[in-house]
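Please look at the sequence and the model below before reading on. The report that follows takes the overall layout, then the pocket, then the surface.

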Amino acid sequence: MKKVERYFYPAVFTYETGQEIPAPTRLSDVDTKENERVVLVDVYMPSIRMAQVNRSVNRTVTLPAWLNAAALERNVNFSQILQDALKEKLHLR
């Protein structure tokens with residue numbers, strides 16, 4: 001069976017918390033209140049599936065020699081810094 005690549009859900013966002021995510025509903029069937037908006041949520045599954053795979057890949061990076069020397073002098077963890085910077089840049093925190 002082929003995996004579904006994308007799911008589209010109409011979602012109602014309210015100012016309350018603690019509720020479970022409901023099953024998908026047709027956008028035209030969603031009733032909203034005055035303080036609610038219907039938003040179509042696009043869930044791209046390959047990204048979600050890849051996030052579940054906890055394996056590392058090697059990347060070669062180029063940086064100025066002086067910056068490399070300063071980082072080595074301070075025992076900087078290059079991998080962790082790069083991961084943190086990429087997550088921040090991609091708004092994945």
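The text below describes a predicted model, part by part.

Residues are numbered from 1 along each chain as its sequence is written, and side-chain values use heavy atoms, with hydrogens and water left out. Because the model is predicted, local features need pLDDT of at least 70 and side-chain atom pairs count only at pLDDT 80 or more, while totals for chains, interfaces and linings use all residues.

**Layout.** The protein has three helices and two strands, in the order β-β-α-α-α along the sequence. Helices (H or I, at least four residues) and strands (E, at least two) are DSSP runs, numbered from the N terminus. Of the 93 residues, 6% count as buried; buried means under 20% relative accessible area, exposed over 50%, and partly exposed in between (1.4 Å probe, protein chains only).

**Pocket.** The largest pocket has a volume of about 1,100 Å³. A pocket is an open set of points on a 1 Å grid over the protein atoms alone, where a 1.4 Å probe fits, with protein on both sides within 12 Å along at least five of seven lines; lining residues have an atom within 4 Å of a point. The lining has 24 residues, and V57, S79, L82, Q83 and L86 lie nearest the centre of the pocket. Two or more lining residues come from each of α1 (45-52), α2 (65-73) and α3, and α3 gives the largest share, seven residues. By class, the lining holds 16 nonpolar, five polar and three charged residues.

**Surface.** V61, L82, L86, L90 and L92 make a nonpolar surface patch of about 470 Å². Patches are made of residues with over 30% relative accessible area and no salt bridge, and nonpolar side chains (Val, Leu, Ile, Met, Phe, Trp, Tyr) are joined within 5 Å. A salt bridge is a side-chain nitrogen of Lys or Arg within 4 Å of a carboxyl oxygen of Asp or Glu. L90, one of the patch residues, lies in the segment after α3 (78-89).

| Residue | Relative accessibility | Class |
|---|---|---|
| S47 | 45% | partly exposed |
| N75 | 69% | exposed |
| L90 | 52% | exposed |
| H91 | 70% | exposed |

S47 is found in helix α1. The C-alpha atoms of S47 and E5 are separated by 9.4 Å, although these residues are 42 residues apart along the chain.

N75 lies in the loop between α2 and α3, and its phi is near 55°, a positive value in a residue other than glycine. H91 lies in the segment after α3; phi of H91 is near 55°, a positive value in a residue other than glycine.

Notes. Patch = residues over 30% accessible without salt bridge, like charges linked within 9 Å, V, L, I, M, F, W, Y side chains within 5 Å. Areas by Shrake-Rupley, 256 points an atom, 1.4 Å probe, with all protein chains shown as cover. Points joined across faces, edges and corners; volume = space filled by probe spheres on them. Nonpolar A, V, L, I, M, F, W, Y, C, P; charged D, E, K, R; others polar.
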